[in-house]
Amino acid sequence: MVTQSRVKEHIETVTTINTDPADRSLRVEQVKLSLLAKRYGTPLYVYSYARLIENYRRIRDAFAAVNPLIAFSMKCNSNAAILRALINEGTGLDIVSGGELARGLATGADPAKIIFAGVGKTREEIVAALRAGIRAFNVESEPEADAIGAVAARLRRPAPIAIRVNPDVDAATHHYITTGRKENKFGIPFDKVRRLFRKLARTRGLRLVGLHCHIGSQILKPDGYIKALGRMAELLARLRADGHAIDLLNLGGGFGIAYEEGQEPMDMKALAAALVPELRKLGVRVIFEPGRSIAGPAGFLLTRVEYVKEGAVKNFAIVDGAMNDLIRPSLYSAFHRILPVEARRGRVRTYDVVGPICESGDFLGKDRQLPLLRAGDLLVVCDAGAYGMAMASNYNSRPRAAEVLVRGGRHHLIRRREKVEDLVAPEAIPAFLNGTGR
Ligand SMILES: *Cc1c(COP(=O)(O)O)cnc(C)c1O
C-alpha cells in the first residue's frame, strides 16, 4: 500500500510537485494547485517551467561532449509557450506535419534546426519545408524520396535528406510505440539502405546528408540505443566507403520517464557514457529528437471530483477530466500517478478514477488507493505534459482544457479554455435544412 508519506517523499524527489509547508496541500513550484483550480477552473493542464528546462538541460549536459542538436519532438506538446521556452534554450524542433512547421516557425524556431519526419508528407508540406529552409527531411520510403526530389528540382532548392533506417532493434516497449522492428511501418529495412543510397545519389534535387533511426518510445534502458548505434555506425562506414558524404546522424527520441513509483527514468548520464565514445569517432553532427522526456514530467492534469459512487464491486471517483483530455490510459493502458491535492490523514480506499464520457474506456486510473474522497476534492494526474493536451479532442462536445505555465511563484495562462462556440464555429447548416433554400 502506498502511504501518504511515501508518496510525499516520492513526489518531492522525483517531480516539481511539492507540498506547501503551511497546509500540506500540493503545489507546482511555489503555486498551490487549489489556487490554480479556483482561478482557471478544471480540468486544467499545469506545467512547471523549471522542470521543463531542467529536463532539456539534463539531456544537453549529458551529451555535451558531442554538442548534439536537440530537436524537441513537438508532436508531444505543441503549445506556443512551451515551444518558445525550449527554443529560447536553443533547441530545434522535430516536426511531423505542415501544421507543426507553421506553428514552429511562428513561434520563432530556427529553420536550420528543424527536422521533418513522418511517413506521409504531402507535396504542399514538402514545398513549405523547402521554402523555409529546414535542416533535413527524415525520409521513410523510396517513393517519398522521389516526391521530395521532384518538388526540390522544380523549386531549384536541393533537399537535404536523412534516410530513416529500420535497425531491427527491439526496444522492449509497448507494441504501439515500438518502431524499430522489421515488422513496423517505419523506415527503410537495414539491408536495403545501400542500394537506395546508390539510386538516390543520382536523383536530381536531393542531397543525401544523413542517417536517422528512432527505435521507439518510453525506453528505460540504454541497450536498444547501444545496439542501434552499432548498426548505424556499421552502415555509415559502408556508405562512406561507397563514396557518400554523410554528416548527420540522428538517433531519434524515445527516452523513458518514471510514470510509476519505483520505475527509473532513462539514466541520461549512463546512456551518454555508453554512446559518446562511439559518436566522437564517427565525425558526424549528432541529432536527438526527444519529446516525452522533456515535456512529460513537467506537466500535470488537475481535475476535480464530481461524484463519488459506490458500485457493486468497485468505488468510482467520477472526475471532470476525461479521456478526451488525457487519452493515454485508455489508448495505451498507460499508468499515470494520481495524487490528492489536499493532504488528508486517515483511511484510504480503492477507487477507479473515471471521467464522465460515455465509454467504459474512459478512465484516468484504476484501483488507486486514495484517501476517502468527497465531491469537490482535487486530484492531480502526474507526468501528463507529453501526449496529453496534444492528443486532446472534443469528444462528447467537451471544450478542451486551459493550460497554465508556472514559474516560481507566478502563473501564466498559456491557452485559454475552449468555449462551445469554438467547437461549432467551423460548422455550417446548408440552407435546405432550414427550409430557406435548396
Ligand atoms: C514520436 C517521435 C519522437 C519523440 O519520441 P518521444 O518518445 O516523445 O521522445 C522522435 N522521433 C520520431 C521519429 C518520432 O516519431
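About 2300 Å² is buried between domain 1 and domain 2, and carbon and sulfur atoms give 56% of that area. On the domain 1 side, Pro297, Tyr332 and Tyr387 lose the most area to domain 2, together 25% of what that side buries. Keep in mind that this is a predicted model.

Where do the domains run? The assignment gives domain 1 as 4-48 + 296-423, and domain 2 as 49-294. Their C-alpha centres lie 32 Å apart. At the contact, 29 residues of domain 1 meet 23 residues of domain 2.

How many salt bridges does the rule find across the interface of domain 1 and domain 2? The count there is 0. Searching the whole structure gives 22.

Start with glutamate 140 and arginine 164, whose side chains meet at 2.8 Å, N to O. Glutamate 140 sits in the loop between β8 (136-139) and α7 (142-155), and arginine 164 is in strand β9 (residues 159-166), so-called distant parts of the chain, 24 residues apart. Glutamate 140 has a relative accessible area of 5%, so it is buried. Arginine 164 is at 6% and also counts as buried.

Next, aspartate 146 and lysine 199. Their closest N and O atoms are 3.2 Å apart. Buried or partly exposed, for aspartate 146? Partly exposed, at 31% relative accessibility. Lysine 199 counts as partly exposed too, at 25%. This pair belongs to a network: salt bridges that share partners join Glu142, Asp146, Arg195 and Lys199.

Third, aspartate 352 and lysine 314, a salt bridge at 2.9 Å, N to O. Aspartate 352 lies in strand β17 (residues 348-354), while lysine 314 lies in the loop between β14 (299-310) and β15 (315-319), so the pair ties together parts 38 residues apart in sequence. Aspartate 352 is buried, at 4% relative accessible area. Lysine 314, at 26%, is partly exposed.

Now the rings. The structure holds 5 aromatic pairs. One of them is phenylalanine 63 with phenylalanine 288. Their centres are 4.5 Å apart and their planes stand at 50°, so the pair is tilted.

Phenylalanine 63 is buried, at 0% relative accessibility. Phenylalanine 288 is buried at 0% as well.

Another pair is tyrosine 225 with phenylalanine 255, centres 5.4 Å apart, planes at 50°, so tilted. Tyrosine 225 is in helix α9 (residues 223-241), and phenylalanine 255 is in the loop between β12 (248-250) and α10 (268-282), 30 residues apart. Tyrosine 225 is buried at 2%, and phenylalanine 255 is buried at 1%. Ring pairs link these four, Phe63, Tyr225, Phe255 and Phe288, into a cluster.

Last, charges over rings. The charged end of arginine 231 sits over the ring of phenylalanine 190, 3.9 Å from its centre. Lysine 366 lies over the face of phenylalanine 363, at 4.3 Å from the ring centre.

Conventions:
Residues numbered from 1 in each chain as written. Predicted model: local features only at pLDDT ≥ 70, side-chain atom pairs only at ≥ 80, totals over all residues. Heavy atoms only, no water. Phe/Tyr/Trp six-rings, centres within 6.5 Å; stacked < 30°, edge-to-face > 60°. Buried < 20%, exposed > 50% of the residue type's maximum accessible area, 1.4 Å probe, protein only. Helix = DSSP H or I, 4+ residues; strand = E, 2+ residues; numbered from the N terminus. Lys NZ or Arg CZ within 6 Å of the ring centre and 35° of its normal. Domains from an automatic or database assignment. Contact = heavy atoms within 4.5 Å. Buried area = accessible area lost by both parts, 1.4 Å probe. Salt bridge = Lys/Arg side-chain N within 4 Å of Asp/Glu carboxyl O.
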